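Visitor: I would like to learn how to read a model like this one. Please take me through some of its features.

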Amino acid sequence: MKEFMTRNKDNIITYGIVIVAFVIMQSLISAHAVSSLMTGLMVPLCAYVILAVSLNVTVGILGELSLGHAGFMCVGAFTSAFFSKLTVNVITIGWLRFTLAILIGFVCAGLIGFLIGMPVLRLKGDYLAIVTLAFGEIIKNVINVLYIGRDSNGLHFSTKDALALNMEETGEIIVNGAQGITGTPKNSNFAIGIVLILITLFIVLNLIKSRDGRAIMAIRDNVIAAESVGVNITKYKLLAFSISAALAGVAGVLYSHNISSLMATPKNFGYNMSIMILVFVVLGGIGNIRGSIISAVVLTLLPEMLRGLSNYRMLIYAIVLIAMMLFSWAPKAQDLRARLTGMLPKFGKKKTIAEGGTDNGNE
Amino acid sequence: MSFLTYLINGISLGSVYAIIALGYTMVYGIAKMLNFAHGDVIMIGCYVVFTVVSTLSLPTWLGMILAIVLCTALGITIEAIAYRPLRQAKSSLAVLITAIGVSYLLQNVALLIFGANTKSFSSVVNIEPIKLFASTGNAGLTVTGETVVTISACIVIMVLLTLFVNKTRAGQAMLAVSEDNGAAQLMGINVNATISLTFAIGSALAAVAGMLLCSSYPALTPYTGSMPGIKAFVAAVFGGIGSIPGAFIGGILLGIIEILSKAYISSQLSDAIVFLVLIIVLLLKPTGILGRKIQEKV
């Protein structure tokens, strides 16, 4: 047990932070110490944390840039909402239906990730980035023209409009093109969000420590060297990419079961969203899981805290983002910080020598 | 005849994409970074023209010159403040995120100054539409003045830029820096000045592209530049990023594909089709149509 504790000390701290944050937040909510706006933000916040952690698998652990992460979230959101809507009268036990919905979101997004990953992971760097961006946009566009309805004859599909479904009078439209899915049962809540974060962390942190994880990181550090010692590049790249996509799907499930009308707009599933998740990952430290969690929380709450400044809040957000990036990544700023910590007596000095300028995680 | 009309509209839209993509591709070639704020420089240029012409009622030519000058200055400033300090950063992602920050910044500055309402941009082109193949009983083909100006502007810019890069010392310096930054510095080339120059040219082109875009599609909002920016980025990758003729070909093809799929397949799916074509091209030719294959050294 003791050995287990020392070996996994870092991970246990990460789980601990999440649980403590939950307890504090939950007690503040029960004491009505936070605004209702903030309370309403808790479930999306959990979804963003899962997205940031899952994207970190692709960007930090696998070392490939993906700009289409919101697309996988979109797949998870729509497949699970579709399932819940379809079975809302069949499976009456809420938690069972929601568990199945989560599994469906996980599997569908993972499958799409696998299918997309197979051809595109041969590309490198910025080319891979643009192709993932393209896939994200395609997913969003296709969902916007999809119409699915149900009547006594079964399911009807169309890509034109609701009338083209040719349904009976009593038929019910489930997916209504650009209007999306309305009336998804609201199964998500803050506690479930936290449980899903913990499960995500469990999967990701164990992946990193496993043999597979080491193979993936070997590919990140040097593809040619990894290949020459017998690491199956395609297999491990696909593994990391699919896990990343599947977990984004889970975030989508959480997101879609929290809102009454689910639409695929550029704002929630477009490239802007993918970029926002990437901002969480880079600002939190590439490859640093705990950093992703913290930056996702801070950057989601920051615009809300600045709400008093009304119109200026996004402007300040942008300036803070630029300043934070310059401060944490510019070589000159890193030197300056190293010198400042060097000036501190005793405890600062050793750390500076040991870590040099690399305290921003690995590349 | 309708096919020809669509084709000409496609070439016109493609010309705008090509001009924006030239800016993208030059900056990528020299600084190896994706300048996500490029699309928003377009939007700023449009607002400058709008303010000068519609609000202050000054002549159009003055607005155009001011827009080009201001965008050039903006491009140089952004590079110096936000991108230069990160040029030697350990991860290339750092500068990408900063570019995204700059993009948010420009959008929100425009939002604060001009508000979220859509402004109606009055065309900077004042030429009568040209009628082609018109005869009795046949309406023929009408080409708007905007289309003529856009396509010719694109060709002129393309030729001038190619001449500039291949024939002048500054252009040669740009080529050298994009080939090997360190070696260029050893040969006495001022790398910082060369990169600044590239951003200046790219931003000036963005201003031109913005005016042409808004003349044909007059709705101006703080987010006007973001989708054309992404499309132009796609066009640059499509043609082979870093290559000037590649950006031209990529832009034109993209415009044609977009307009034709809007006309014949589905207007909602046109973006998806554009992106699908990009994916197919990249899977067949991983560095784009005119991209160079980079040999990997062990």
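Visitor: What covers the buried residues of H14(A)?

Guide: A residue is buried if 20 or more other C-beta atoms lie within 10 Å of its own, exposed if 12 or fewer, and partly exposed in between, with C-beta atoms placed from the backbone. Helices (H or I, at least four residues) and strands (E, at least two) are DSSP runs, numbered from the N terminus. The cover of the buried residues of H14(A) includes helices H2 (9–30), H4 (42–61), H8 (190–209) and H13 (271–284) of chain A. Among the residues covered are Ile289(A), Ile293(A), Val297(A) and Thr300(A).

Visitor: How are the residues and chains labelled, and how far is the model to be trusted?

Guide: Residues are numbered from 1 along each chain as its sequence is written, and chains are lettered from A and ligands numbered from 1 in the order in which they are written. This is a predicted model: local features need pLDDT of at least 70, side-chain atom pairs count only at pLDDT 80 or more, and totals for chains, interfaces and linings use all residues. Here pLDDT is the predictor's confidence in each residue, from 0 to 100.

Visitor: Where in chain A is confidence lowest, and where is it highest?

Guide: Where pLDDT is low, the predicted coordinates should not be read in detail. In chain A the lowest mean, 43, belongs to helix H17 (residues 347–355), and the highest, 94, to helix H11 (residues 233–256). Chain A as a whole has a mean pLDDT of 84. Over residues 348–363 of chain A the value stays under 50.

Visitor: Which residues touch the most other members of the largest nonpolar core?

Guide: A nonpolar core is a set of buried Ala, Val, Leu, Ile, Met, Phe, Trp, Tyr and Cys residues joined through C-beta atoms within 7 Å. The largest one has 196 residues, and Cys46(A), Val49(A), Ile50(A) and Ala52(A) touch the most other members. Helix H1 (residues 2–31) of chain B contributes the most to this core, 16 residues.

Visitor: Is Ser260(A) buried or exposed?

Guide: Ser260(A) is exposed, because 10 other C-beta atoms lie within 10 Å. Ser260(A) sits in the loop between H11 and strand S5 (261–262) of chain A. Two residues are in contact if their C-beta atoms, placed from the backbone, lie within 7 Å. Beyond its neighbours within four places in sequence, Ser260(A) is in contact with Thr182(A) and Gly183(A).
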